[in-house]
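Subject: Handover of a structure and notes on it

Dear colleague,

Please find below the structure that I am passing on to you. My notes follow it, and I would be grateful if you read them with the structure open.

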Amino acid sequence: MIKIWSMKKNEDAAAKKKPKTSAAQIRVQKDLTELDLPSTMKTNFPDATDLLNFTLTITPDEGMYKGGAFVFSFVINTNYPHDPPKVKCTQKIYHPNVDLEGNVCLNILREDWKPVLNLNSVMVGLQYLFLEPNADDPLNKEAAEDLRRDRDQFLANVRSSLKGGYVKGVSYDRVAVS
Amino acid sequence: MSESQTINEATTNIQTGQPDAKTRRYDRQLRLWAATGQNALESSRILVLSASATSTSILKNLVLPGIGHFTILDASNVTPQDAGNNFFLDGPDSIGKNRAEEAVRLLGELNDGVGGTAVKESVGEVLAKQPDWVKRFTLVIAHNLENNLLEKLSTLLWEDEAGPPLVVVKSAGFLAEFFIQFRDHSVIESHSDSAPSLRITNPFPSLLSLATSLDFSKMDPTDHSHVPYVLILVHALENWKKIHGGSPPKTYAEKQEFKKTILAMKVKQDEENFDEAEAQAYRCWSETKIPSDISSLFSLPAPSPSSNPNTFQFYTLLSALKTFTSIQPPYALPLSATLPDMHTSTDTYVHLQKLYKARAEEEKAVFKELLKKEGGGENVDEEAVDNFLKNCHALKVLKGKKWGAFDTDREALATALQTYPKEASTHLALSALSALPTDVSPAEESLRATAQNIVGQDVELPDEFDNAVGEIARSPSADLPTTSAFLGGLVAQEAIKMITKQYVPVNGYCVVDLVETWTGVIA
Amino acid sequence: MAAAAAQTNGSAIYGDWPGRYFHVDQVLDRPGPRTDPSFLAGDGVKKFLREECKILVIGAGGLGCEILSNLALLGFKDIHVIDMDTIDISNLNRQFLFRPKDVGQPKATVAAEFVMKRVPGVKVTPYFGKIQDKDDDYYMQFNLVICGLDSVEARRWMNATLVNLVDPENPESLKPLIDGGTEGFKGQARVILPTVSSCYECSLDMLNKPTAFPICTIANTPRLPEHCIEWASVLEWPRVWKDKKMDTDDPEHIGWLYNVAAARAKEFKIEGVTWSLTQGVVKNIIPAIASTNAIIAASCCNEAFKIATSSAAYLNNYFMLIGTDGVYSYTFEHERRPECPVCGGESVELSISRDWTVDRLIEMLVEKQDIQIKKPSLSTPTKQIYFQAPPQLEEATRPNLEKRVSELVPNGGEVTVTASSLPFSLSLRITFI
């Protein structure tokens, strides 16, 4: 065998022994402990020892969705940050960019994800959806249509959906902050 | 679909779309060369001279993807040395048996669909008694064949214009090279990354009228964010031309300004279609002419009708293409019917696709009329025309050389030793090895002297030659398992490209050094 | 199988015959011009290769089959192979140790049997299972590891495991890792000396990511057949089948997706949804051929051979091949990334009193001149010690501040520190005095 050890010793005398914590684990620790969230966003860990599964609650203090509390589930796999976190809305909400199954249309969750992005960027991106819903490339086509045609009607629909009412025959979860 | 249905119920009667066993077996390669490439492979007949470890490694990688048939020519019996380094011999059980027969038997197990024949004769005998036999194959591969036989064989195949290509493979220890001898190799499906023109700079009538009819100021915001970049570019370019005397952006500053104009058309920051248009804006100045790689082919001398029929057909198509680009505006290559994906609505995309297809059909009709006027043009079938037109923006033609010509061109050798000292030194050391008698291991000094004779006494051998010649002297007759496997992959890969006429094969000597692990191409 | 193979262990040189190693011995009996002077030509190196060296192959697929046969012919006699897959018909165009009758059998077992039958005297020990099933003691027994995998995740795990295995006190703990990968006509082979040269994680950003389409395109403006297929698999499957897991190897599942995608394509007048494309998109199929695998596997085994015997210089450290247009290759040294989360970052030995609280430790980290970390968060490989944020985790870990470090960390144990002022992380090895 070649003598690799000699190269190592010459290179660096300091011990380089690394912990058994996985790269994904360290990265999640780093992402979470450096989160810089406004008061409108809050994380919740059902199991405080499990950093890979948690929820984020967004309570917008301005815009059309003010008054609602929106809960997203985050599932991070061991291939993070090579793979993006899997994010879904846990409630049935009336929003052009969230479908009735909870799928979210946010570019950095899919086609534009890269490992230099972090959980903070994802959360900020999610909050932006409530301030500026995008009607041009929607997931909930009806909601987008409403927003395009009549902003006031759309706002009324949002209000009623937040209270758990019906919009065009579809019942939505009550997400209004009491 | 109701949720109470089981997967089973939901999927009965839909198994029709599932591919057959053969397609499933070849699935991972069909995604590279499709059914056309596979058909070409399956019709091929390969001749390999000797059943060395390198030869069987090459054949393994041709039998697995499914060539039609292979023949191994080898008169020798398996030695204990052979049995130790060749995976397609049965260890000590094969010792004493004919090498070709043993190898054919074990290689044949890899794929039932491939035929194999062992011919227990020596290359010398065959070339002396019935030389034309070797011309019956699609491709001939020779590993570490003696120089005099190689000279005879390569001359025989080179002089017949319709003769098969010859792959000459040499190896010793960690060093190796191979060379493909062919006269003319034309590739329609080069699978190049270059994209066909979208005719932004010279739009056809229906595209132009659609693009210029757009009134961006009156659009609803959703429509505005869904105008495909092709239409944005045609629209913007026409406007630009109006105020720039009919010319597209030319200088760097103009190009930057044009891009700015496009981004200024946005009404909202996040309109991806305008970002795409900016990213594709280069088409407004790069698509104005036929790519030089293609127009340069128009001046190539056409081969004689006695050459390979495939080659002849290619030049017939090429000649019609040349005429097509010169008879009428826009003097462009025939339009491609395939539209890349772009940010837009389904309806707009499908509509645009239809416009492109319709126009492509019209141009194809013109092309076919021109083709008919070419000698032999009426024999080209529809499929071949379609394939040619689909790929005409990325055609490739390689003009090859005879094996060994490089080693008699002292000027070229001297230049190569200066420009590519590592590659050229390795090639030269291997040439020196095969110039010496094979029955005794040559001394480093005689290898050096032989190399000096090849390049001429006045040429100084570079330092890199010491590395190469030392390595050859160390293991002149070693057919190492890893070197043979490495060559087995490289040579088979190039053989597949030659046979399928897809992707672009290497032209020149491909040299391999497995000490530092590099490959290079010279001559 | 494994048990039977184990019985042939012991006197390793069995089945040799005169002349068997005529070819390989030429490079073992004398050095070449670029051979390191430490190379001891002759019997010693042959004995090590053929009787002592123990090598592990990860993967018995496209690369694995080639690697195993190459190693056996090179003279490695004690080879282990791990693979969790069974043989599929689509493997047979390149995985040449398998025959149609083997479809459904474990790859590792079939490959091992074949190689032992073809090459007398070699012992190949298969393990049909996951690399994660094995512990450090298992990996510690090998001299070298060759990876022929198609998964980023498995590679990251193997790489991190071998980097972590390196014990500054024990030279034997440094196992060279040779990694190969292919994709169509392209491939790469590299040599990783854990903690000495660039590791797999260092180059993670060089990877091409698979194409993903915007979910709103899939939902609303499909234009390509791929958009229709993704609609079926990403949106329709979970909507219709809820929590039922999609099995992309199940033809019935693929059939359902194909039908749903085809119906949608028809609705939107999109052409080109086929069974093969459906399968390609949902399984993210990468084209694979025998020839590219042969080149990359040969290169990997060649490096293993040179490292095991010192008979020639070895690859430093990355060989990249592109075979679509001629034969283009590029050999270069990939540099280590100082902030690599696996092999980079700093490591500090710390001796503290058994009585120190976590709070005291943090104070020290903040104050210590050569460390100076602002707002550090600490964890052990199994639990959190103290997190600065988010509030819930801060609150949950706050009681630990008063606890003694020695209650939470074993003597000689590892603590991972992250902080915004650190490029990535810092690892502490804590001993108590």
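Predicted model: local features only at pLDDT ≥ 70, side-chain atom pairs only at ≥ 80, totals over all residues.

Where in chain B does Pro330(B) lie? Pro330(B) is in the loop between α16 (309-327) and α17 (346-372) of chain B. Helices (H or I, at least four residues) and strands (E, at least two) are DSSP runs, numbered from the N terminus.

Residues are numbered from 1 along each chain as its sequence is written, and chains are lettered from A and ligands numbered from 1 in the order in which they are written.

Backbone features

The peptide bond that leads from Pro329(B) into Pro330(B) is cis, with omega near 5°. Chain C also has a cis peptide bond, from Asn316(C) to Asn317(C), with omega near -15°. Asn317(C) is found in the loop between α12 (290-309) and β7 (318-322) of chain C. Lys242(C) is not a glycine, yet its phi is positive, at about 50°. Lys242(C) sits in the loop between α9 (225-241) and α10 (251-267) of chain C. As background, most residues other than glycine have a negative phi, and most peptide bonds are trans.

Helix packing in chain B

The two helices on either side of the Pro330(B) loop pack against each other: α16(B) and α17(B) have axes 9 Å apart and an angle of about 120°. Axes here are lines fitted to C-alpha atoms, for helices over the stretch in contact, and angles run from 0 to 180 degrees between N-to-C directions. That angle makes α16(B) oblique to α17(B); angles under 35 degrees count as roughly parallel, over 145 as roughly antiparallel, 65 to 115 as roughly perpendicular and the rest as oblique. The crossing of these two helices, α16(B) and α17(B), is right-handed, a term used if the near helix is turned clockwise from the far one by less than a right angle, with left-handed for anticlockwise. From α16(B), the contact draws on Leu317(B), Ala320(B), Thr323(B) and Phe324(B), and from α17(B) on Val366(B), Phe367(B), Leu370(B) and Leu371(B). Two residues are in contact if their C-beta atoms, placed from the backbone, lie within 7 Å. By class, this contact of α16(B) with α17(B) has seven nonpolar, one polar and no charged residues. Ala, Val, Leu, Ile, Met, Phe, Trp, Tyr, Cys and Pro count as nonpolar, Asp, Glu, Lys and Arg as charged, and the others, Gly among them, as polar.

Another pair is helix α4 (residues 53-63) and helix α23 (residues 481-500) of chain B, whose axes come within 7 Å and cross at roughly 45°. α4(B) and α23(B) are therefore oblique to each other, and their crossing is right-handed. Residues in this contact include Ile58(B) and Leu62(B) of α4(B), and Leu487(B), Gly488(B) and Val491(B) of α23(B). The residues of the contact of α4(B) with α23(B) comprise nine nonpolar, six polar and one charged.

Contacts between chains

How many residues of chain B are in contact with chain C? On the side of chain B there are 73, and they touch 73 residues of chain C. α23(B) gives the most to the side of chain B that touches chain C, with 10 residues. That side of chain B has 34 nonpolar, 26 polar and 13 charged residues.

Domains

Domain bounds come from an automatic or database domain assignment. Chain B is divided into domain 1 (27-183 + 479-514), domain 2 (205-286), domain 3 (292-399) and domain 4 (409-474). The C-alpha centres of domain 2 and domain 3 of chain B are 28 Å apart, and 10 residues of domain 2 are in contact with nine residues of domain 3. α13(B) gives the most to the side of domain 2 of chain B that touches domain 3 of chain B, with three residues.

In chain C, the assignment gives domain 1 (2-207 + 288-332), domain 2 (215-282) and domain 3 (346-432). The C-alpha centres of domain 1 and domain 3 of chain C are 40 Å apart.

With kind regards
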